[in-house]
Amino acid sequence: MLDKGRISSVQLMLVLFMVEMATAFLLVPSIVAQAAGPDSWLSVLGVATAYGLAVALICVALGKRFPFQVFTEYLPEVLGRVPGKLLAAAYTVVFIHLTSVVVGENSIFIHTVFLRETPPLIINLMMVGAAVYGVYLGVEVLARANEMVFPIFILSITILLALVAREIDLDHLRPVLANGPLPVLKGAMVPAAWRGEVFFLLLLYPYLNQKNEALKSAAGTVLMSGVFAATVTAVTIGVFSDLVASRQIYPVLNLARYISVAGILERLELYLIIIWMAGVIIKLAVFYHSCSVMAASTLGLKDYRVTVFPIALATIVISGRLYETDYLKLVEFLSKFWPFYGYTVELLIPGLILLVAVIRKKGGNRVDF
Amino acid sequence: MKRALKSMSVVKRLCLVLAIILLPNICAGCWDRVELEQLAYVTVVGIDRDGPDGVLVTFQCVIPRMLARGQSGGGGGAAPVKPYTNYSVKARNVSDAVRLFEIKQPHKALFKTSTVIIIGEDLARKGVIPSLDFFTRKPALRRSVWVMVAEGKAADILLKGDPSPEIIPANNIRTAFQRRQDVTLTSSVDFGQLLSKLERPGVDPFMPEIKLAPKLSGGTAGQGETSTQDQQKDVKEGEKQVLEIVDFGVLKLGKLVSFLDITESRGLLWLQGKTNSGTITVPARGASWASLLVSSKRVKITPVISQDGFLFNIDIRIEGYVSSVQNEAVDPTKPEDLGRLEEEGEKAILQDVMAAVKKSQEVRSDFLGLGEKIYETDPDLWKEIGEAWRDEWLPNVQVDISVNCKLKRTGLAAGPVQPIP
């Protein structure tokens with residue numbers, strides 16, 4: 001094990017929740033509404049959660065076979081040395097790209113909404129700096145920091161939604177299933193890829209102190225984020241109606257700006273930006289931690305910390321080259337490529353690895369959940 | 001502290017010193033700082049049609065410096081000056097206008113302070129969507145900003161409208177909305193609501209109408225007011241007129257088609273279920289009137305779809321109390337008299353609602369959202385008739401309105417005052 005930290009099952013659940021929700025709550029509603037219309041909440045609640053549970057099952061099964069190793073450490077064991085190392089390297093590269101997508105999501109949001117003149121590089125450096133510091137301190141510190149961020153995150157969004165609740169027009173959520181189930185399935189593609197980020201379980205499993213509660217945490221986090229994301233989506237569509245929500249790039253931000261209670265409680269979008277930044281720092285930290293552990297294990301290093309800094313720099317450069325402040329390019333990736341990309345990385349390959357491990361009888365033989 | 005410093009390694013100590021040296025540089029602010037003096041605080045934006053494809057945009061900005069002087073004024077002997085100024089810009093579109101506006105005067109336009117967007121009648125008849133596009137993209141403009149349609153030109157309202165008793169027209173409008181919603185004359189419509197209705201099947205948006213009305217009395221207040229501050233051709237004091245917000249303008253597929261009169265506007269408000277303590281005055285007995293102060297409890301519209309066409313059951317529940325009876329023969333404490341008043345109230349509301357429905361059929365604009373109810377109950381049917389709904393189906397729909405008015409209190413008095421012989 002590259003990191004000596006220990007995390008509890010509750011901490012794992014909260015970390016996994018934050019990994020998905022930190023960016024999903026803001027970006028997903030608009031993308032889903034484009035495909036699923038008034039039924040978006042069904043996509044987010046039903047289909048995406050089902051997919052998330054499938055990913056969770058496979059990840060836990062894999063984790064149980066190799067309880068003290070991260071995903072990339074046992075790949076060579078399962079597939080043979082060369083193909084295993086190659087796949088591990090591929091995973092590292094893929095996750096470095098995904099991390100730079102998160103960096104891009106952040107700089108685009110802050111740039112379009114908030115700091116128009118500040119160079120995106122500065123925003124990125126600050127966010128990545130905070131995340132990297134967390135990674136240096138190890139997974140245990142990340143989990144504990146998240147214990148502080150999580151309640152603030154949930155509470156702030158709940159308060160925002162409650163304050164805007166009087167603007168909801170339930171008629172906007174009707175008719176249910178007007179065009180049959182197909183749009184619901186189509187709408188679920190993007191949120192499902194996000195829900196599948198429970199995949200990070202494979203990289204956090206060795207640090208878990210009560211291994212038998214892994215499935216409970218993973219399933220818990222999938223269900224919790226399903227309910228949470230569906231609420232956010234339903235409120236967004238209830239307030240704006242589906243077409244208007246799909247035209248906005250950050251409908252949840254507009255939700256927060258809509259709040260006006262008795263002329264006193266207004267301009268609450270600042271809270272949204274605060275929780276966004278807190279959440280994204282946690283998300284980035286988990287991504288960086290996983291990337292550097294993957295890289296270190298692929299290269300056979302003793303300490304993952306040496307890889308953090310180069311990876312952080314690489315993501316800043318990649319996100320600067322690919323996205324920087326280019327929302328159109330980012331949303332093209334998120335809505336067209338990310339689902340397939342996500343399904344492959346999160347479900348398909350781990351599923352195949354599990355299959356091979358079972359056939360070749362590698363790892364612990366306990367597959368009971 | 002000293003010990004802490006000693007125990008630090010040299011590298012750490014160097015870092016600390018470096019941080020102390022570098023931190024003050026941040027204090028000067030960074031790229032996104034905003035200097036309050038360099039902003040033009042736009043409170044109202046008026047958009048008019050100019051020529052075949054241009055717009056005339058009027059920005060009304062407050063001058064904070066004047067605001068402070070106006071409040072403390074009086075003793076100093078300085079003539080009171082208007083704390084706001086108007087800039088009119090002819091441009092291709094609103095975004096272009098903002099650029100020209102920023103060229104015309106040195107400050108950066110700040111839209112965070114905007115209260116209202118007023119759209120001129122001509123432009124609204126041509127279509128509101130193109131000119132509003134800019135505001136959907138502007139991050140600084142929130143969707144809770146109000147939208148209104150002007151009778152005539154929006155620029156006239158901004159240039160000639162008299163803000164008194166407030167000192168800034170935007171505040172005047174804000175107060176009017178907050179007050180008028182309480183007396184069931186109009187209701188505010190914000191930008192978000194307008195967009196939601198535009199992009200919703202089977203419903204057309206409506207917007208409050210703003211117009212200039214002659215002053216009630218030719219008061220001489222503010223005679224010393226000079227208009228030197230205004231860069232625009234300002235009108236003389238005698239021409240200043242009162243801003244009046246009473247009725248609604250209704251749209252059809254994003255284009256203004258008609259203004260409602262006061263009965264139809266109230267009918268629309270009853271159907272929205274948003275009235276809050278509005279006064280209705282009904283005939284009591286003989287030649288006298290009684291006033292009822294009522295508010296909406298519930299509105300339910302259920303469509304009945306049959307072979308012959310569409311029937312809408314509209315169920316309106318109203319609750320309120322008697323605010324005035326004006327006739328000693330009518331005693332609201334007696335159940336039969338109260339019952340009669342309730343009946344008269346129901347009749348009055350029914351007439352309002354009927355007028356609104358008739359208007360909707362006449363101008364073929366579904367501002368009551370009847371089509372939306374069909375879309376919600378039978379989306380497949382809507383796919384067939386949606387295209388032709390406004391022109392072919394809406395004029396022929398039947399409505400069955402039932403109003404239930406419940407009077408629960410009689411104010412502070414029980415029976416009317418009776419003269420004793």
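What follows is a set of questions and answers on this predicted model.

Mentor: Ground rules first. This is a predicted model, where local features need pLDDT of at least 70, side-chain atom pairs count only at pLDDT 80 or more, and totals for chains, interfaces and linings use all residues. Residues are numbered from 1 along each chain as its sequence is written, chains are lettered from A and ligands numbered from 1 in the order in which they are written, and side-chain values use heavy atoms, with hydrogens and water left out.

Trainee: How many residues does chain B bring to the contact with chain A?

Mentor: Contact means heavy atoms within 4.5 Å. On that rule chain A brings 30 residues. Chain B brings 23 residues.

Trainee: What area do chain B and chain A bury between them?

Mentor: Buried area is the accessible area (1.4 Å probe) that two parts lose on being put together, summed over both. Carbon and sulfur atoms hold 44% of it here. The total is about 2200 Å².

Trainee: Which helices of chain B each supply at least two residues of the side that touches chain A?

Mentor: Helices (H or I, at least four residues) and strands (E, at least two) are DSSP runs, numbered from the N terminus. The helices of chain B that qualify are α9 (191-198), α12 (370-377) and α13 (379-385).

Trainee: How many charged residues are on the side of chain B that touches chain A?

Mentor: Asp, Glu, Lys and Arg count as charged; Ala, Val, Leu, Ile, Met, Phe, Trp, Tyr, Cys and Pro count as nonpolar; the others, Gly among them, are polar. That side has seven nonpolar and four polar residues. The charged ones number 12.

Trainee: Which residue meets Arg200(B) in a salt bridge at 3.3 Å, N to O?

Mentor: Look within chain B, at a residue that is buried in α12(B). The partner is Glu376(B).

Trainee: What area is buried between domain 1 and domain 2 of chain B?

Mentor: The bounds come from an automatic or database domain assignment: domain 1 is 37-72 + 79-214 + 234-259 and domain 2 is 261-421. Their centres, taken over C-alpha atoms, are 31 Å apart. In contact are 25 residues of domain 1 and 29 residues of domain 2. The buried area is about 2100 Å², with 54% from carbon and sulfur atoms.

Trainee: How many salt bridges are counted between domain 1 and domain 2 of chain B?

Mentor: The cut-off is the one already given for the chains. The count is four.

Trainee: Is Leu253(B) buried or exposed?

Mentor: Leu253(B) lies in the loop between β9 (241-252) and β10 (255-259) of chain B. Its phi is near 50°, a positive value in a residue other than glycine. Most residues other than glycine have a negative phi. Because its relative accessibility is 58%, Leu253(B) counts as exposed.

Trainee: Where is Arg364(B) found?

Mentor: Arg364(B) also has a positive phi, near 60°. At 35% relative accessibility, Arg364(B) counts as partly exposed. Its place is the loop between α11 (335-363) and α12 of chain B.

Trainee: Why does Leu255(A) count as buried?

Mentor: Leu255(A) is in helix α11 (residues 251-258) of chain A. Beyond four places in sequence, Leu255(A) touches residues including Leu161(A), Val164(A) and Phe240(A). Leu255(A) counts as buried because its relative accessibility is 3%.

Trainee: What is the relative accessible area of Thr92(A)?

Mentor: Thr92(A) sits in helix α4 (residues 81-113) of chain A. Not counting residues up to four places away in sequence, Thr92(A) touches Cys291(A), Met294(A), Ala295(A) and Thr298(A). Thr92(A) is buried, and the value is 8%.

Key
Buried means under 20% relative accessible area, exposed over 50%, partly exposed in between (1.4 Å probe, protein chains only). A salt bridge is a side-chain nitrogen of Lys or Arg within 4 Å of a carboxyl oxygen of Asp or Glu.
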